[in-house]
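Hello,

I am handing over the structure below. My notes on what was found in it follow.

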Amino acid sequence: MNTILKKMRRYTTYFLFILLATAISPATFALSNNVTKRVFLPLTTVELLTVPELPTGFHVTPILSGLNLPTAFALTRDNHMFIAEKSGKVRVATHGNDSTYTLLDTPFIDLSAEVNNFSDAGLLSVVPHPDFPKKPFVYVYYVYKAPGTAIGTQGGGVGRLLRIKADPANPFIAATTPDAITIIVGKNSTANHIGDALSLGGTGCQQANQYIADCIPVDFGAHAGGEIAFGRDAALYLSIGDGAGFKGVDQRALRAQDLRSLSGKLIRVNPETGAGYTDNPFFDGDVNSNQSKVWAYGFRSPFRIATHPTSNDIYVGDVGFSRWEEVNIVRQDKPRNFGWPCYEGGMNDSLRQSGYEQDANTKQQCSGLYDRGVNAVSPAAYAWKQDRPGAAVILGDFYTGGTWPTEFQHALFFADHNLGWIKAMQPNGDVKNFAAGYKGVVDIKFGVDGDLYFISIKSGEIYRIRYGASFNKPPIAGATASLTAGEAPLLVQFSAANSYDPDQQALTYLWQFGDGETSTQANPSKRFTKKGVYNVKLIVTDSEGATGQTSLMIDAGNNLPQMRITAPDDGRHYNVREVIQFSGSAKDSQDGDLSAQLRWTVNLLHNDHKHFDEFTAVGATGRFVVPDHGDNTSLELCASVIDDDKYTAQKCISLFPNDATLTLKSFPSGLNLIYAGSLYKTPAIIQTIQGSSARVTAPPNPDCIFKSWSDGGEASHNIVISQTSQTVKAIYQCASTKLILFTSGFETTDPPSNPPDMVDYLNGGLSNIGGICCGLSGPELGGVYEQARTGQVALRYSGYDNSAQASYVYFSAFDVNLAIDVPVTLSYWIYPQSSDMSNKNSTCVALDLVLDDGTRLREAGVLDQAGNRFHPQGQCGKLKLNEWNHVEVKLGAAFIDKKITKILVGYDQPNNTGAFRGYIDDISLKLSP
């Protein structure tokens with residue numbers, strides 16, 4: 001049941017309007033007023049179609065669809081759109097006189113061959129020159145796939161900002177002349193400057209501990225940035241992420257605090273040359289140095305920025321670590337350091353980031369910033385704690401029109417990519433709710449028409465929000481078809497179930513099947529008897545006469561490609577770093593076997609969002625390694641194929657992790673520990689994944705000194721989840737900690753022992769032992785007022801070993817019930833006496849412990865401080881006669897969370913005879929140093 005619920009949660013929290021593929025039956029989906037999508041998508045796992053929430057008078061309309069993972073867009077002064085697709089294409093949508101958009105078939109430019117389209121990397125930003133097309137330049141920022149490097153690794157990238165000249169004869173096509181492309185920033189972002197994604201110590205754009213000028217490191221497949229924007233000063237601004245890992249503390253994030261590196265910065269450069277300006281705040285005399293380009297720093301993942309329409313303030317949306325999302329304002333009169341990774345979150349005051357504050361690899365660097373006081377950094381203008389893991393701020397744009405309601409005048413609009421809301425920050429800093437139900441937003445812009453446009457990477461669509469207080473909101477038409485192609489006669493089941501009216505008015509339906517026939521049913525069936533391609537339209541009308549429409553292409557006479565994923569099985573479970581083999585087949589009635597053309601994609605579902613293109617491949621078979629992306633993740637393996645008629649068949653299966661439970665404990669309990677950069681109070685139970693790794697840190701706790709981890713690691717170290725249930729414990733010595741857990745000097749005030757005669761404690765007898773030794777009278781074990789090391793009493797032992805064979809005996813000493821929460825040291829003092837029969841036998845005595853699982857210490861093979869086995873036989877001949885010997889042994893991690901039930905004294909001699917006698921004093925169990 002838990003697995004089923006987990007699957008349901010993952011399937012029902014993605015973006016509205018998108019269909020994923022996991023079934024056999026084919027279908028198409030369309031949702032628009034003016035757009036046709038000709039695509040084959042199997043229909044079983046349907047994303048929830050959520051009616052969006054908007055204030056009264058506003059309505060939303062999807063205006064473009066069919067985009068392939070769009071990441072960003074920009075509007076010209078004529079309201080034409082340049083759209084960035086993650087894989088590297090820049091698409092163009094032209095704006096018509098009727099406010100409709102037409103997506104051009106030919107891209108402005110296709111940079112796919114040099115874009116590292118992996119995970120969160122890819123083509124990330126596009127903007128035309130403000131005077132476009134008079135100044136016919138388009139700027140793009142992307143993660144560069146340098147020649148000789150591979151796409152689809154853990155990272156291994158560098159960033160580049162290009163200026164691309166448009167064709168003089170057609171401004172929507174890039175020129176092909178030799179001077180058409182200019183590298184503005186990232187001239188040294190080359191293959192030999194790419195860092196190692198998996199090495200925390202090795203950073204990109206660095207040589208001999210020196211940062212390379214004009215080089216943008218993207219060591220990991222995330223935190224590349226970034227957005228391009230022109231300021232009111234005509235300068236070009238670019239936001240750049242720290243390029244570090246996101247699973248936990250990564251010391252590469254400290255580059256955000258180093259002005260010599262471009263990581264974690266907002267830079268301001270000349271849009272013609274990429275040089276910095278002499279009036280930049282950190283100008284060092286060289287306009288081409290990294291430092292001279294910096295406008296502000298201390299950012300983690302400044303994915304989107306906005307320029308204020310009347311001032312030179314730059315607003316930055318910094319995507320947070322695991323607790324906070326920030327909207328920051330770079331002002332002239334405030335510190336230009338926003339603190340990451342040493343600070344994160346808070347509004348009135350910047351808050352210390354606990355992971356980076358305490359981790360051994362980063363705390364020294366952060367302490368230098370802390371020493372300057374909190375006023376050395378600028379706090380966020382607005383910040384919010386993540387309602388659940390995985391929230392991400394998407395900064396938008398300022399409304400500069402004059403027709404929207406007062407509360408939205410001159411406001412900055414921004415969104416949360418995962419939580420699905422859009423809010424507006426007023427000029428006085430107050431934040432108002434604006435909309436909800438829009439998961440997957442990656443970019444927000446206002447057009448010159450005063451309308452708000454936003455794009456969803458998940459649906460591949462662009463939406464427009466308009467305001468008209470006196471207008472009836474038009475309905476949205478949503479059509480699906482059970483089949484889009486097949487041999488004639490072709491029977492197709494249509495459905496308008498995805499249509500809705502924002503005003504919740506009743507709808508009527510009109511289907512036009514393209515052959516002259518129509519239907520007014522909501523869900524009609526239609527048989528296409530003649531061969532041909534039919535444009536099927538759905539028109540929906542509300543009670544006030546407003547309409548919306550969409551269309552589907554039905555091809556009667558051309559079978560769709562048929563495909564299967566033959567391995568792995570849907571629902572298969574995995575461990576992190578496991579190698580998964582995949583295979584599939586595809587065929588088409590017209591085109592034959594298409595198996596070799598199968599395109600594979602592994603998407604990673606993390607919390608409430610999706611990381612696309614974790615792995616890509618082409619072919620009938622292949623393999624991939626499960627990435628270590630953090631907790632609460634799963635995988636989606638998709639295969640698709642396109643036939644010669646451009647029909648696409650796609651299937652996806654879900655792969656789930658083998659869950660594991662990590663328990664964080666401390667001694668004493670109730671202290672703070674850091675896991676994957678976040679603070680937890682012990683005991684804490686964390687759901688994680690087998691095979692994954694994470695960094696744990698034992699930070700300072702009030703009145704406590706860290707001593708050790710139960711696994712022997714340093715205060716900050718990585719752990720690997722190797723079992724379904726795993727516990728790590730941090731040991732502290734606190735002012736209130738009881739250092740000595742048990743002690744006895746056999747005085748009258750000590751715990752009573754009342755020892756019996758000699759007995760084989762565990763087996764109900766003794767072996768080859770008899771009598772008392774050397775003129776003593778019984779009992780053989782007892783308190784005597786002689787030879788005490790401290791005080792007046794010691795414990796005497798005495799007896800005869802009567803055989804050349806193995807001889808052993810236990811003397812029961814103390815019944816205890818003591819939990820071992822921390823590494824402890826067992827200690828005692830022993831005085832072996834010379835006897836009249838054997839001197840060695842008197843040294844064959846040692847303490848023993850009985851544990852709650854029935855095992856004994858003597859069986860554990862542990863060694864005392866002299867390197868001798870802590871076992872009676874191990875002490876034979878190793879102790880000095882007629883003087884006090886100190887023996888102790890440290891009980892390490894293997895004994896933690898067990899209980900000691902008895903403390904025993906034992907004798908064990910393997911192959912000798914003779915008497916034994918002596919004294920034991922000052923037994924103790926204490927915390928190990």
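The side chains of Glu578 and Arg572 form a salt bridge with an N to O distance of 2.7 Å, a salt bridge being a side-chain nitrogen of Lys or Arg within 4 Å of a carboxyl oxygen of Asp or Glu. Glu578 is partly exposed at 23% relative accessible area, and Arg572 is also partly exposed, at 26% (buried is under 20%, exposed over 50%, partly exposed in between, with a 1.4 Å probe and protein chains only). Shared partners join Glu227, Arg304, Asp443 and Lys445 into one salt-bridge network.

This is a predicted model, where local features need pLDDT of at least 70, side-chain atom pairs count only at pLDDT 80 or more, and totals for chains, interfaces and linings use all residues. Residues are numbered from 1 along each chain as its sequence is written, and side-chain values use heavy atoms, leaving out hydrogens and water.

The whole structure has 31 salt bridges. In one of them, Asp613 meets Lys86, with the closest N and O atoms 2.9 Å apart. Asp613 lies in strand β44 (residues 609–618) and Lys86 in the loop between β4 (81–85) and β5 (89–95), so this pair ties together parts 527 residues apart in sequence (strands are DSSP runs of E, at least two residues, numbered from the N terminus). Asp613 is buried at 8%, and Lys86 is buried at 3%.

The largest nonpolar core has 59 residues, and Trp404, Phe413 and Phe434 are among those with the most contacts inside it. Such a core is a set of buried Ala, Val, Leu, Ile, Met, Phe, Trp, Tyr and Cys residues joined through side-chain atoms within 4.5 Å.

Regards

Definitions and conventions:
Helices (H or I, at least four residues) and strands (E, at least two) are DSSP runs, numbered from the N terminus.
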